[in-house]
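Okay, everyone, let's get going.

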Protein chains: 2
Amino acid sequence: MRPTEAMFVLFESPSHPMHVATLTLFDPPPGTAPGAHAAEMVARLRAHTEVAELFRKLPSRPLHGYPWWRFEKHIDLGYHVRHTAVPGDGTMAELLSLVSQMHSMPLDPQHPMWEMHVIEGLTDGRTAVYTKFHLSLTDGASGMRLLHRALTVDPDLQDCPAPWSPSVAAPTLQPSLDPRGVLRSGLVTTRELTAAVPTLIRAGYHGLTEEHLTLPLQSPPTIFNAPTGRARKVAARSWHLKRLRRLAACTGAPLDVVVLTMCAGALRAYLLEQYALPDAPLTAMLPVPLDLGESPTIGPGGNRGIGAMVVSLATDENDPLTRLARIADSVAHTSGIVAALSRTQFQLVSVLTLSPIMLDPVRRVLDDIPPPFNVMISYTPGPARPRYWNGAHLDAVYPIPTLARGQALSITLTSRSGQLHVAVVGDRTAVPHLHRIIGHLDSALTDLDTAARTASP
Amino acid sequence: MRPTEAMFVLFESPSHPMHVATLTLFDPPPGTAPGAHAAEMVARLRAHTEVAELFRKLPSRPLHGYPWWRFEKHIDLGYHVRHTAVPGDGTMAELLSLVSQMHSMPLDPQHPMWEMHVIEGLTDGRTAVYTKFHLSLTDGASGMRLLHRALTVDPDLQDCPAPWSPSVAAPTLQPSLDPRGVLRSGLVTTRELTAAVPTLIRAGYHGLTEEHLTLPLQSPPTIFNAPTGRARKVAARSWHLKRLRRLAACTGAPLDVVVLTMCAGALRAYLLEQYALPDAPLTAMLPVPLDLGESPTIGPGGNRGIGAMVVSLATDENDPLTRLARIADSVAHTSGIVAALSRTQFQLVSVLTLSPIMLDPVRRVLDDIPPPFNVMISYTPGPARPRYWNGAHLDAVYPIPTLARGQALSITLTSRSGQLHVAVVGDRTAVPHLHRIIGHLDSALTDLDTAARTASP
């Protein structure tokens with residue numbers, strides 16, 4: 001077992017499980033009743049008894065010793081693939097409450113650490129699938145790519161594979177946009193991390209500060225930077241991408257800046273409501289590919305790597321258009337500096353930004369440092385063409401990340417087939433009334449709309 | 001925190017959570033739709049916001065230090081009381097599969113360690129309630145008594161309290177029939193346990209062996225004495241007590257011997273099917289009150305204590321009536337010896353019997369000792385009169401125990417209102433096809449019936 005995998009095994013505790021998940025929603029194929037579809041999906045998934053190595057890995061750990069991988073021969077799909085139902089009226093709110101509970105539960109280290117829950121009972125007729133992976137197996141974005149590889153663009157195709165089929169789960173997974181991917185990809189080890197600070201100073205880190213790069217230590221303390229536990233709340237909703245595209249065209253800002261401004265508006269409204277808005281603007285950490293501008297695909301053996309950049313969310317600004325302009329400015333400025341940095345320099349800046357997150361297993365090392373950023377906002381554009389699994393149309397995908405100690409809120413956005421899917425994940429105790437952020441996201445979008453229309457009649 | 005409580009906190013691991021649970025089934029009050037009843041029950045339970053100390057206790061643990069209790073002021077009932085649904089066709093098998101999953105999940109140490117899940121969706125219209133307690137709070141039987149105290153004999157009474165209401169959850173709970181109750185009650189500490197063996201030898205333990213007392217070291221190795229993990233399977237069913245009472249009258253055996261013979265027949269058939277029946281008869285550990293013949297109620301401060309006796313299940317015997325006679329003989333013989341023992345001697349015999357279970361947190365101490373017994377069978381007669389909660393009739397109660405390391409099967413029986421309720425709990429991997437034991441219990445009862453009728457026309 002690689003040290004980067006072992007860290008996630010060794011430092012997991014009942015209070016801080018280390019897993020990521022994806023919530024997907026499927027429309028049943030035409031002519032299939034919703035309840036029957038869930039049962040059929042479970043039966044079809046369980047029929048895929050040939051299981052790739054990745055899904056048969058089991059951490060084996062001598063008493064207090066270093067863990068190693070063993071490979072389970074027989075996989076009990078009755079255990080790994082589960083059939084569940086939404087209670088009550090079958091609303092999305094009830095589904096998300098169930099998913100929040102599921103996401104708070106640690107995986108069983110005595111089975112290969114993944115689970116797939118097929119959930120029926122949504123009144124809108126869709127079938128939900130909640131899939132959970134341990135971080136020692138894969139990070140969030142790689143896990144999501146894996147799930148996607150089992151899908152097809154052909155609505156009529158049957159015999160789609162399960163994500164654990166050997167044809168789908170290739171032995172090596174690419175490192176991904178998830179910040180934990182940095183660790184998993186082996187880019188940095190703890191030793192490299194702790195060595196990073198003096199190197200950074202030599203590399204002219206102070207010079208960078210003077211160029212107004214938004215840097216970790218400039219983030220104000222917020223309720224989002226509180227001690228975290230294991231209980232989660234998850235909220236999610238989707239918006240039509242064309243509303244955001246129209247706003248981007250109308251304001252001249254890139255689509256991702258519009259998305260960030262929508263998030264910033266929602267966080268500002270939420271914190272105001274909680275009497276907890278700091279005077280200084282909040283910062284967001286955006287995971288970005290390290291090789292900016294390079295081809296995003298790279299052959300096996302290549303080391304693409306991941307980095308992070310921190311931008312200002314201008315939450316001290318009330319006017320939506322001014323906020324948009326300031327965020328666009330911060331993103332452009334930071335991207336400009338990042339582009340000017342050598343690959344090594346950017347790696348080092350990223351490492352310093354992410355270190356409190358990545359070092360979270362090696363607790364208490366950096367406890368006295370102010371929050372490196374306030375929230376993580378990750379935006380991944382997905383494929384435009386629809387995807388299917390045995391005739392069922394994939395309607396929505398919500399990635400649900402792990403929260404690190406001291407980072408109590410995370411917003412993950414994906415886009416696909418003309419929709420923007422947003423999942424907000426928070427610590428149950430640290431972030432009260434989390435679902436209100438979804439309402440504020442909608443209001444923030446409307447406010448931007450109104451302001452843009454007023455400005456350009 | 002007492003050392004007996006701390007043990008359950010300190011030695012819990014993600015692979016071996018330490019909780020017990022009770023599954024109860026309620027008939028909705030006349031005129032209430034099943035789905036509406038579950039939602040109403042959740043709302044009514046969550047309205048009981050005044051919470052007794054026992055349900056506000058939270059283990060607080062400095063890094064690697066000795067844990068202590070702190071008391072949560074505000075209890076988040078939205079977290080502790082959950083609303084869930086049975087998937088698929090809403091059969092008992094599907095409910096039990098859901099309960100098996102729930103019972104495999106460790107409690108979150110960052111909240112007071114109890115949960116109550118109200119489960120709707122059974123096609124028979126009943127509402128299920130799965131309640132989970134950490135062993136540091138209470139043992140299984142005391143927890144069950146606590147749930148019962150919230151009930152009433154009046155079918156029309158409304159405003160029934162929640163089990164966590166201060167009027168219900170008295171600050172001190174009596175020690176109970178659960179073998180873990182011995183530990184919890186403070187009767188024995190680890191030091192006393194390890195000191196027990198030499199004391200026993202001095203107390204004439206070898207003399208007892210010669211009197212044919214069924215003793216721990218006489219149990220054959222079976223598949224039920226295998227390493228255990230965290231994943232569980234739970235099976236349950238109820239039978240009319242009058243069938244068993246008729247058999248008791250017809251054969252002249254006490255009711256609990258008839259119950260034991262039914263279990264023995266089922267285990268024999270199950271092991272035969274698995275090609276795993278040992279030549280030597282299986283043994284069962286029965287938890288029994290230490291003060292045999294004394295009043296079961298004792299004032300606060302009294303030390304009633306619990307013991308264990310091991311009896312033979314005569315599983316090497318094919319004929320049901322001969323098996324019944326041999327079990328009756330083993331129970332009478334063991335009870336006779338137990339009655340003749342001094343209280344201290346019985347305590348010591350019990351301690352030796354239970355030590356591998358109770359010492360399971362202090363692992364690897366007694367690993368080389370053969371299984372002290374093969375299965376635990378616990379039979380608790382319950383109240384004869386029906387009980388209600390806000391008009392809903394309590395139809396069935398199934399206690400779901402923890403399995404100790406190396407004890408992969410447990411059968412728990414309770415009787416109430418003319419029904420015998422049986423729950424079989426097993427390790428998911430060690431005990432394959434666990435649900436078949438339920439079928440075998442039914443066949444064993446029928447076989448006994450037939451044999452008794454043939455014998456006494």
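So, the lining of the largest cavity: by class, that's seven nonpolar, six polar and five charged residues. Keep in mind as we go that this is a predicted model. The volume of that largest cavity comes out at about 280 Å³.

From chain A you have β4 (81-85), α4 (92-104) and β5 (114-120), each supplying at least two residues.

Okay, on to the interface. How many residues of chain B are in contact with chain A? It's 33, and they touch 33 residues of chain A. For chain B and chain A here, the buried area is about 2,600 Å², with 54% of it on carbon and sulfur atoms.

Now the polar side of things. Between chain B and chain A we count 10 residue pairs in polar contact, both partners at pLDDT 80 or more. On chain B's side, α3 (77-80), β4 (81-85) and β5 (114-120) each put in at least two of the residues that touch chain A. The top contributor there is β4(B), with four residues. Sort chain B's touching residues by class and you get 11 nonpolar, 13 polar and nine charged.

Last topic, salt bridges. Side chains of opposite charge can pair when their charged atoms come close. Over all chains, the search gives 22 salt bridges, and two are counted between chain B and chain A. B:Arg428 pairs with A:Asp76, with the closest N and O atoms 2.7 Å apart.

Then there's one inside chain A: A:Arg232 and A:Asp427, at 3.5 Å, N to O. That pair links distant parts of the chain, 195 residues apart, with A:Arg232 in strand β7 (residues 232-240) and A:Asp427 in strand β14 (residues 419-427).

Methods. Residues numbered from 1 in each chain as written. Chains lettered and ligands numbered in written order. Predicted model: local features only at pLDDT ≥ 70, side-chain atom pairs only at ≥ 80, totals over all residues. Heavy atoms only, no water. Contact = heavy atoms within 4.5 Å. Buried area = accessible area lost by both parts, 1.4 Å probe. Salt bridge = Lys/Arg side-chain N within 4 Å of Asp/Glu carboxyl O. Polar contact = N/O pair within 3.5 Å; in protein donor to acceptor, adjacent residues only side chain to side chain. Nonpolar A, V, L, I, M, F, W, Y, C, P; charged D, E, K, R; others polar. 1 Å grid on protein atoms, 1.4 Å probe; cavity = no way out; pocket = protein on both sides within 12 Å on 5 of 7 lines; lining within 4 Å. Points joined across faces, edges and corners; volume = space filled by probe spheres on them.
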